[in-house]
Amino acid sequence: MFCLLDGEVFWLDRDNVKRSKDQRPSTPSEEKHRIPSIPILTSDMTPAPAYWFFNSIVVILQIDLAINLYTNWHNVLSRLLTLKEFLLSWSGLLGYMASNNAKDMLRYVHSHYEKYENEEHLTKEQKEILIKRDKLLLKYDKVIVFMLKYILHITCGLLTYVFILIFIYKCYKKGENYGKHPEIIHSYLPKAFESSMLFQLVYHTSIYVWYSMLLYNWSFISRSMLFNFTCLDTEIKLLALTLKQIEEWSVNERGVEGWQRAERGRELEERLRKIVLEHQAICRGLLDVGKNCSKVVFGILNLYGSQMCIYLAFITLIDDFNTRLRYISRYLITFAFVYYSCDSGQTVTDLGRKLKFAFYECSWVDKPYWFRRTIFLMNTRASKELVVRPFGLYDLDIGCIVWEKSSILTDVQVLKSGVTTHPASKFFFTVSLVIQVDLILNLYTEWGDPISRLLTLKEFILLWNGVLGFMSSKESKSMLNFVRQHFKKHKTDDKTSIKEKEMFEDRDKKVLKYNKVVSILLTYTLHITCGLVPYIMILISLLKSHQKGENFKNLPQILHLYFPKAFDTSLVFQLIYQTSIYVWYGLLLYYWTIIGKGVFFSFTCLATEINLFCYKMERIDEFNESEDKLRKNLRQIVLEHQSICRNIDDFGNISSKPLFGIINLYGSQICIYLAFITLIDDIHIKLKYITRYIITFSFVYFSASNGQTITDLGRKLRLSLFQCSWIDKPVWFRKSLLLMNIRASKEMVIRPFGLYILDIGCIVTVFKGTYTYLNFAKKLID
């Protein structure tokens, strides 16, 4: 039997775990077969060669940059360039210092492969998880090598170095001083060395080699970190999958002999022992990951984030197009590293919550006492979230990107039909790309007009909203499938009480209300006033201009776009272009009609399930007729509670894209609409934007109020578990209720991408943003 008191069966130390792993030595052929074909994994490549050379160049750069900052202090751009180089040198030094941590992370990846490739009996689902792991490792390897080796190294290192050599050769031929020339790093060069060719060659070659080593080090440590995160995610997924399969491990089946029951009990003990060891290994691995990746994450989020601020400053302050393009490419690459790091941390956090739910939702009700007690112990440990905290300063999650963006801004100033597919997807995507290029040209040509700038920004947000709706097709299908399953599961019959019938009637009324409201707002109001009517006016204007032989100028517009003058006389171009825009706008509204209905219907069904659960907890005294009936009803209550927790968690993940689009992108549109309402005097334009403002705000309000409803009902569910009649119930009933209470202690909230809680406070945030954007728009026009 398991012994849960002396701690020797489950809570093994590192040496015991290591001995259990080393029972079967691996051969070189197996090692080659297990590890993917990634050089950083299959070879013994060590990071950061030439230790003394790298550190010597760092010291020289620090002195050089300090002198440069002192001599060019009055030049603002030179100050920013020097600060950028300071950050680059510090990130290089930090990357060098993190090389040993990168080795430890790669050792963890190797041990992970050895551990799971020794498993002989893998299910189909487990093999799929391991295959996804290998694909993700290969993707990270290719992406990082491409960004650092092929883009940054070539564009910012090799090409610049070649230009420097050509410049030095030309000056040497002409007998001139080596004055202003291309630079890999903006540094200070004494005038005394402007005529020395040998100094120039040695200095710039050293800088180029140092910069290449910097990229080499960061390529090594960033891949190590992402590989480590991927393997940790895989272990959590495999453990969660194992917990889902517990239902198949039955012990006390009818018709089973005593010796067979004892054999199954021993098998269950051994499986549970492996689960405990896996859980311990995950918790231990998370601590090791947090320690090893602290320097790397700190460098990416803090130093890289500071570099993003400076890059954005150069993008907005420098007029030279080539320089601006260079800093845009650097900004995108740096942001990609920040995003990958935050996304990896967020994935670990989300999978930690999934693991916590898996412990609670596993089939523990009909298992022996020692099994339930062990699950309870692991559930207690799982109540602490699995998060990565670099140096204990902050949680590594997707919220770090929001913090980076806010710091940058501060530094720089449908159910019946089942029709859920997105038609004409290729057409929509192609037109979206054309509109994106068109808006960029429009922004460039009409930059001097503040109103035109605001109009172009409005169309940019509308375009991104449409693309987000296009990308949310799978999510809308999943939400509507959940609604269909809910309606099949919760139907009225002869056993349904009056109270439950009232709940179902209220649910049906809300679903019908949302169906009508969304259709009226998008299909009839927006589509007719902002799509169909302008399109008809465009066709009439085109016909009149064609009959008069005039150019097609000052036409009504569905979107504020740029039209080349070369096509002012082409009727065919105008008809094709304007018709494509109208169809694209109609598809956009169709997509968001389906998504909006899916979101609001799902909210309604979730609220109904929670209300039904609370009603059943109030009627718990009606099941006191016999212990068998009480056990049966308690099992049903536990399963329903697990289903509610699982549905809220799944809905939070599925609805992240739609809710992010409604709260953030729709909220940004509200700000611009209010700016036009207050700044433009034309009454017709004001009415048009007032209509759009009301429709957009209604979507934000419905989403925020439904999120608040789920939060309030979650608190009501927690109170119903505590306030039910449990005092006179058996011990097994109270223990099961205690487990449900532990799970219910975590609030039921919806977090789009984990950034914020969806509640009525989101409307306050939108109003604050509206006030800020309105002041910004007034200053822009003044």
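**Reading helices and cavities in a predicted model**

Author: Arg223 sits in helix α8, residues 197-244. Helices here are DSSP runs (H or I, at least four residues), numbered from the N terminus. This is a predicted model: local features need pLDDT of at least 70, side-chain atom pairs count only at pLDDT 80 or more, and totals for chains, interfaces and linings use all residues. Residues are numbered from 1 along each chain as its sequence is written, and side-chain values use heavy atoms, with hydrogens and water left out.

Reader: Is Arg223 buried or exposed?

Author: Buried means under 20% relative accessible area, exposed over 50%, partly exposed in between (1.4 Å probe, protein chains only). Arg223 counts as buried because its relative accessibility is 9%.

Reader: With which side chain does the side chain of Arg223 make a polar contact?

Author: A polar contact is a pair of N or O atoms within 3.5 Å; within protein, one must be able to donate a hydrogen and the other to accept it, and residues adjacent in sequence count only if both atoms are side-chain atoms. The partner is the side chain of Ser219, at 3.0 Å. An α-helix has 3.6 residues a turn, so residues three or four places apart point the same way.

Reader: Which residues line the largest cavity nearest its centre?

Author: On a 1 Å grid over the protein atoms alone, a cavity is a set of points where a 1.4 Å probe fits but cannot get out; lining residues have an atom within 4 Å of a point. Of 18 lining residues, Leu88, Leu152, Tyr211, Gln307 and Tyr311 lie nearest the centre of the largest cavity. Helices α5, α7, α8, α10 and α11 each give two or more residues to this lining.

Reader: What about the second largest cavity?

Author: Its lining also has 18 residues, with Leu462, Leu526, Tyr585, Gln669 and Tyr673 closest to the centre. The elements giving two or more residues are α15, α17, α18, α20 and α21.

Reader: Which residues does the record mark as "transmembrane region"?

Author: The unreviewed UniProt entry gives 50-70, 143-169, 197-216, 517-543, 571-592 and 753-774. Such annotations may be inferred rather than shown by experiment. In the model, residues 143-169 are 100% helix, with end C-alpha atoms 36 Å apart. Residues 571-592 are also 100% helix, and their end C-alpha atoms are 32 Å apart.

Reader: Which residues of α12 are buried?

Author: They are Trp370, Phe371, Thr374, Ile375, Met378, Asn379 and Ala382.

How values were computed: On a 1 Å grid over the protein atoms alone, a cavity is a set of points where a 1.4 Å probe fits but cannot get out, and a pocket is an open set with protein on both sides within 12 Å along at least five of seven lines; lining residues have an atom within 4 Å of a point.
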